[in-house]
Amino acid sequence: MSAVPRDDPAATTAIAAHGVTKRYPGRLALRDVSFSARPGEVVAVIGPNGAGKTTLLSILGGLQPATEGTVSRAPSEVGWVPQQPAVYRKLSVRENLRLFARLEKVDDPDAAVARMLDQTGLADRAGEELGRLSGGNQQRVNIAIGLLGAPPVLLLDEPSSSLDPRQRERLWTFITALARHPTHPTAVVFSTHNVQEAERFADTVLVLADGELLFTGSPAELEQAVEGEGPRGEGVPDHDFEAAFVAFLRERGH
Amino acid sequence: MRHLLVKDLQILRRSPFLLVLLIVYPVVISTLIGLAVSRSPEKPRVAFVNLVDDDDATFQLGGETLDASSYADQLFEAIEPVRVDSRDEAVEKVRSGEVLGALIVPADATQKLRDALSLSGSPELPTLEVIYNEEDPIKAQAVESQIKARLADANKELSDELTKVSAGYLDILLQGGSFRILGQGFDVLGLKATKDVLESVRDALSADDPNRAPLTEVITFAGLAIDNLDFSDEILGAIGEPLKIERTTLDGASTPLDRFAIAVAVTVSLMFVTVLLAAGMLALEREENAFGRLVRGLVSQTGLVVEKVVLAAVCAAAVALLMLTGLSLFVALDGARAPLWVVATLAGGLGFGAMGVALGALAKEVRAASLLSFLLSLPIAFLALVPSGAVSAGLYDVVRVASAVFPFRPTLDAVDAAVNDAGGLGTALAHLAALVVAYVAIARLALRRFAG
């Protein structure tokens with residue numbers, strides 16, 4: 001895929017986090033995390049379990065407040081797509097989209113619904129109850145709901161975790177098409193455990209571990225960072241992003 | 001909130017089991033209650049042996065002919081008689097369980113009654129024999145109570161007749177007249193006429209006549225007797241019914257038991273439908289993962305809670321009103337009070353709905369919320385129905401406090417007031433309003449851990 005040039009001065013910032021920290025009683029979930037994403041940029045947040053990926057996305061999406069730090073966008077300006085489809089299985093695809101379009105106070109709910117049905121390719125199944133659709137199609141509707149208000153930023157929490165490979169492929173085609181839309185590019189920030197997915201589809205990866213942001217850069221830059229620090233160790237092949245990621249974490253004590 | 005209400009109604013409409021339950025439940029419950037309160041209790045089967053000859057069933061009392069069989073008819077209003085011909089046959093039926101008891105009227109019953117009333121024969125009163133089967137103590141108790149109550153009625157009627165006859169005799173003694181006893185007629189002068197005669201005789205005597213003083217004493221005695229016998233009716237009436245009962249009701253108007261049963265049934269239905277619906281629909285938002293999406297700016301958490309309360313209250317009030325309409329087919333309910341039914345059921349629905357969302361927010365899952373709602377609702381209803389005097393004073397105070405913090409008691413009071421004009425509607429509505437605020441606040445607090 002073609003990456004968005006990170007140093008393009010013409011590109012404006014779609015969303016930025018500055019010094020975001022989150023403390024729970026007895027635990028520091030995020031420590032001074034800062035990053036930014038431009039329109040059309042796809043940012044992957046990767047890291048081991050408990051790294052703070054979901055916490056970061058939920059703060060960006062306004063689901064919970066940061067203890068310290070700021071986010072440049074108000075929650076209403078950000079599309080939020082939770083890990084599990086947040087939809088009503090007893091309602092049809094169209095009814096789900098229309099409900100959230102009305103709740104989002106979209107100017108023309110019916111037009112927004114029609115646009116989303118077209119984008120998701122579910123127009124012919126618009127009248128079906130969502131509970132009868134496959135997991136992949138439910139996830140498409142889940143994402144479409146996040147896009148109803150045409151937000152400049154879309155946040156996805158492990159969007160492909162419950163999908164089979166074929167559904168995953170279709171989902172990423174859909175997401176990258178959104179991001180690369182010629183007239184209305186959307187910044188996409190997603191968390192994932194699947195580092196190959198991050199390598200394939202992300203322009204930028206954020207590596208989080210124990211609430212600390214260890215790396216911000218392209219997947220290639222992450223691999224280079226590992227190579228630049230010396231031999232990867234035995235059994236770690238060249239050009240293996242997952243191996244590079246694991247080595248990166250190991251070298252930093254994670 | 002309107003869009004969420006429409007969404008929830010669409011979900012309800014597409015849950016056929018829940019929908020059937022919501023419609024069938026009030027129809028079935030109201031039919032069952034209607035049948036129960038509109039039919040008299042089942043009469044116990046009692047063997048009845050009347051050994052008195054048909055020709056010997058009447059007796060004279062004060063010149064009036066009474067038929068002993070009319071008293072049996074009264075008894076048969078309370079029992080289902082199984083007529084048998086002998087005492088042995090009656091005992092066998094009781095033993096076999098075919099009947100719950102037997103009532104035996106001996107052959108000499110009317111004769112003994114006749115003798116006792118005529119003051120001519122033996123003073124021994126007739127004795128009826130009652131035989132019970134104690135195999136089922138509850139039913140035996142019911143039969144015994146029914147027979148005793150009806151015999152007491154019969155005794156009371158006989159006593160009233162005797163009082164009337166006695167008063168008649170005393171009237172003849174006072175005013176004079178004629179009466180028949182043992183087939184012979186008698187003319188009685190009467191005390192008043194006697195006094196008049198004696199006064200005439202005394203007036204005819206000279207002032208120094210030695211008979212004048214004793215005659216005056218007799219006239220004075222006659223005057224005293226006349227004055228005192230004038231009160232005889234009241235005194236005899238008091239003997240016939242020495243204790244009278246005056247009923248005074250404290251704490252609210254009196255509601256007949258069948259009408260109160262309707263208020264209880266409606267409140268119980270309202271409680272289950274509302275609490276389960278409110279708790280389930282709120283927990284469903286979390287199970288569908290929609291809660292986080294909704295409350296990040298689309299709907300406030302308080303707005304979401306209020307929407308569930310209103311949804312459950314409106315649905316449950318509709319169910320309750322359907323029930324009341326069904327019950328009005330069996331029991332005469334005042335249709336002019338229907339607007340108050342709406343007010344009471346809606347207010348009760350809001351109270352139960354608020355409790356439901358608190359439970360839903362605490363339980364977080366639909367199944368857990370439903371189970372918690374069910375487990376909590378039953379004891380709440382039970383507590384609210386514990387009557388004073390059934391437990392110790394201290395425990396009753398605890399029960400009252402416990403009932404006051406749940407919406408069942410005020411809802412029951414409101415429904416009773418609306419349906420049966422029992423009074424206290426305003427107080428009940430104020431109580432419910434306070435509970436709605438408190439439970440919505442609890443739900444709102446519980447939602448803090450809802451998204452996790």
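Analyst: Happy to. Let's start with a term: a nonpolar core is a set of buried Ala, Val, Leu, Ile, Met, Phe, Trp, Tyr and Cys residues joined through C-beta atoms within 7 Å. In this predicted model, the largest such core has 145 residues, and A:Val188, A:Val189 and B:Ala316 have the most contacts inside it. Helix H10 (residues 257–287) of chain B gives the largest share of this core, 17 residues.

User: What is A:Val188 in contact with, leaving aside its neighbours within four places in sequence?

Analyst: Its partners are A:Val42, A:Val43, A:Leu154, A:Leu156, A:Ile175, A:Leu178 and A:Ala179. As a general point, nonpolar side chains tend to be buried together in soluble globular proteins.

User: Which residues does the second, separate core include?

Analyst: That core has 17 residues, including B:Val99, B:Leu100, B:Ala102 and B:Val105.

User: Why does B:Phe272 count as buried?

Analyst: A residue is buried if 20 or more other C-beta atoms lie within 10 Å of its own. B:Phe272 has 21 C-beta neighbours inside 10 Å, so it counts as buried. This residue sits in helix H10 of chain B. The C-alpha atom of B:Phe272 is separated by 7.3 Å from that of B:Phe374, although the two residues are 102 residues apart along the chain.

User: Why is H4(A) described as largely enclosed by the rest of the structure?

Analyst: Ten of its 13 residues are buried, so the label follows from that count. The buried residues are A:Asn137, A:Gln138, A:Gln139, A:Arg140, A:Val141, A:Asn142, A:Ile143, A:Ala144, A:Ile145 and A:Gly146. They pack against S5, helix H2 (93–103), helix H3 (109–120), S6 and helix H5 (165–179) of chain A.

User: How does the reach of helix H4 (residues 135–147) of chain A compare with the span expected at 1.5 Å a residue?

Analyst: The expected span is 1.5 Å times one less than the number of residues. For the 13 residues of H4(A) that gives 18 Å, and the helix reaches 18 Å from its first C-alpha to its last, close to expectation.

User: How many residues bring chain B into contact with chain A?

Analyst: On the chain B side there are 16 residues, in contact with 20 residues of chain A. Helix H1 (2–13) and helix H11 (290–295) of chain B are the elements that give two or more residues to that side, and H1(B) gives the largest share, four residues. By class, the chain B side has five nonpolar, six polar and five charged residues.

User: Where in chain B is confidence lowest, and where highest?

Analyst: Strand S2 (residues 58–61) of chain B is lowest, at a mean of 67, and helix H17 (residues 425–446) of chain B is highest, at 94. Where pLDDT is low, the predicted coordinates should not be read in detail. For chain B, the mean pLDDT is 81, and 85% of its residues reach 70 or more. The model scores ipTM 0.79 and pTM 0.69.

Notes: Residues are numbered from 1 along each chain as its sequence is written. Chains are lettered from A and ligands numbered from 1 in the order in which they are written. This is a predicted model: local features need pLDDT of at least 70, side-chain atom pairs count only at pLDDT 80 or more; totals for chains, interfaces and linings use all residues. Two residues are in contact if their C-beta atoms, placed from the backbone, lie within 7 Å. Ala, Val, Leu, Ile, Met, Phe, Trp, Tyr, Cys and Pro count as nonpolar, Asp, Glu, Lys and Arg as charged, and the others, Gly among them, as polar. A residue is buried if 20 or more other C-beta atoms lie within 10 Å of its own, exposed if 12 or fewer, and partly exposed in between; C-beta atoms are placed from the backbone. pLDDT is the predictor's confidence in each residue, from 0 to 100.
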